[in-house]
Amino acid sequence: MSEIDDRLQRFCRERGVEGVVIRRRSNAAWATGGADFHIDAGSDLGIATLVWEPGRKRCFTTNIEAPRLRDEEPLDGWEIVEEPWWEPRGEVEKLLAAGRHASDFPDDPLYELRAELTPAQIEQARALGRDTARVVGRLMREDVKPGMTEHHLGGAAAGWLRDAGIRANVVLVASDERIARYRHPVPSAKVIERVAMLAVCAQRHGLTVSVTRLAHFGPIPDDLRRRHEAVCSVEAALYGATRPGAEWREALAAGVRAYEAAGFGDEWRLHHQGGPMGYLARDFVATPSERRPVRADQLVGWNPSITGTKGEDTILTRAEGEPELITPDDDWPSGPHGRRAILER
């Protein structure tokens with residue numbers, strides 16, 4: 001029995017149910033070791049419904065989707081139940097109606113099961129982090145230039161990530177005054193002039209990492225450098241406080257104190273600071289009242305920002321010692337506290 005099967009079996013035993021009906025893409029990818037059940041990237045639900053029971057694992061889907069799932073997805077041990085697309089599909093509904101199975105929709109009780117990555121998932125996350133940081137870093141070091149539009153940069157990021165088998169679920173691009181104006185800058189037709197920011201949430205095998213990088217053309221203004229150094233200090237404080245057993249509100253509080261110490265005490269209120277991730281871009285965001293604990297072997301994306309700049313990488317908590325940086329880039333310059341500097345080009 002795999003570690004994931006063991007977690008699901010304990011879940012069923014504790015809840016007194018015979019199995020779990022899994023509809024969410026995030027949970028389906030976790031339960032299968034990375035299978036891709038998406039067609040519409042905007043939907044939380046996939047093209048198949050999984051029914052996990054002790055000793056039996058079934059994947060219900062249509063005759064449209066079954067051939068690709070059999071041929072291309074890691075579904076060893078799963079029985080694919082193929083149903084005609086034109087007929088009502090009632091077996092899963094009957095299971096749910098009987099009340100003896102738990103479900104992850106509309107509420108999702110499986111976060112606690114998937115929060116701690118297995119050793120195999122950790123290796124997948126490391127490879128994804130390296131590849132994502134490599135693509136984003138190369139784009140910002142070599143490809144982006146004044147005169148390019150934000151749309152062009154965003155499209156290039158999505159395309160090069162896709163070439164590495166990675167789906168860019170979030171691509172944010174801002175340049176010049178748009179960086180200060182918007183915390184979630186969807187790419188626009190604006191032409192890049194002096195400074196560009198690229199932020200991505202990148203997914204492969206169901207896992208997600210996030211990265212933000214900034215490049216400035218010409219000498220970096222003193223005020224922008226000061227603001228980014230402050231962001232680096234906040235990021236370092238957040239990383240240092242993200243230890244297994246600590247409550248998420250406690251980790252956030254360390255970041256808030258770092259904002260205040262740097263002279264930007266109100267900036268944390270202008271954008272969420274991030275939180276745990278893995279099979280979603282964020283499982284939830286850390287708030288001052290969030291009492292759930294940090295887990296070991298959990299992916300975390302902190303994204304502190306001060307008007308005009310931002311910091312973001314993905315880390316992996318460990319049972320002992322410092323968190324591990326999952327999105328390394330040895331070719332990118334380091335700023336204060338070992339965090340990412342703004343690249344001066």
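## A walk through the chain

Buried residues make up 55% of the 345 residues in the chain. Buried means under 20% relative accessible area, exposed means over 50%, and partly exposed lies in between, using a 1.4 Å probe and protein chains only. This is a predicted model, in which local features need pLDDT of at least 70, side-chain atom pairs count only at pLDDT 80 or more, and totals for chains, interfaces and linings use all residues. Residues are numbered from 1 along each chain as its sequence is written, and side-chain values use heavy atoms, leaving out hydrogens and water.

Start with the whole chain. Its C-alpha trace spans about 65 × 40 × 30 Å along the principal axes. Take the contacts with a separation of 6 or more: 64% of them join residues 24 or more positions apart. Contact means heavy atoms within 4.5 Å.

Next, the secondary structure. The chain has ten helices and 15 strands. Both are DSSP runs, numbered from the N terminus: helices are H or I with at least four residues, strands are E with at least two.

Two strands pair if DSSP finds at least two bridges between them. Angles run from 0 to 180 degrees between N-to-C directions, and axes are lines fitted to C-alpha atoms, for helices over the stretch in contact. Now look at β3 (residues 56-62). Strands β3 and β4 pair in the parallel sense over five bridges. Here R58 stands opposite E79 in β4.

A second open sheet has four strands, in the order β9-β10-β13-β14, and its pairing is antiparallel. Its edge strands are β9 (274-277) and β14 (324-325), and each pairs on one side only. Strands β10 (residues 299-302) and β13 (residues 313-316) share four bridges in the antiparallel sense. The bridge partner of G301 is T314 in β13.

Now turn to a helix pair. Helix α6 (residues 119-143) and helix α7 (residues 150-163) pack at an angle of about 140°, with their axes 10 Å apart. Which residues make the contact? From α6 come T132, V135, R138, L139, M140 and D143, and from α7 come L153, A156, A157, W160 and L161. By class, this contact has eight nonpolar, one polar and two charged residues. Ala, Val, Leu, Ile, Met, Phe, Trp, Tyr, Cys and Pro count as nonpolar, Asp, Glu, Lys and Arg as charged, and the others, Gly among them, as polar.

Pick out T132 in helix α6. T132 counts as buried because its relative accessible area is 0%. Leaving out residues up to four places away in sequence, T132 touches L161, I166, V200, A202, V209 and V211.

Finish with S233 in helix α9 (residues 222-241). Is S233 buried or exposed? S233 has 18% relative accessibility, so S233 counts as buried. Not counting residues up to four places away in sequence, S233 touches A258, A262 and H337.
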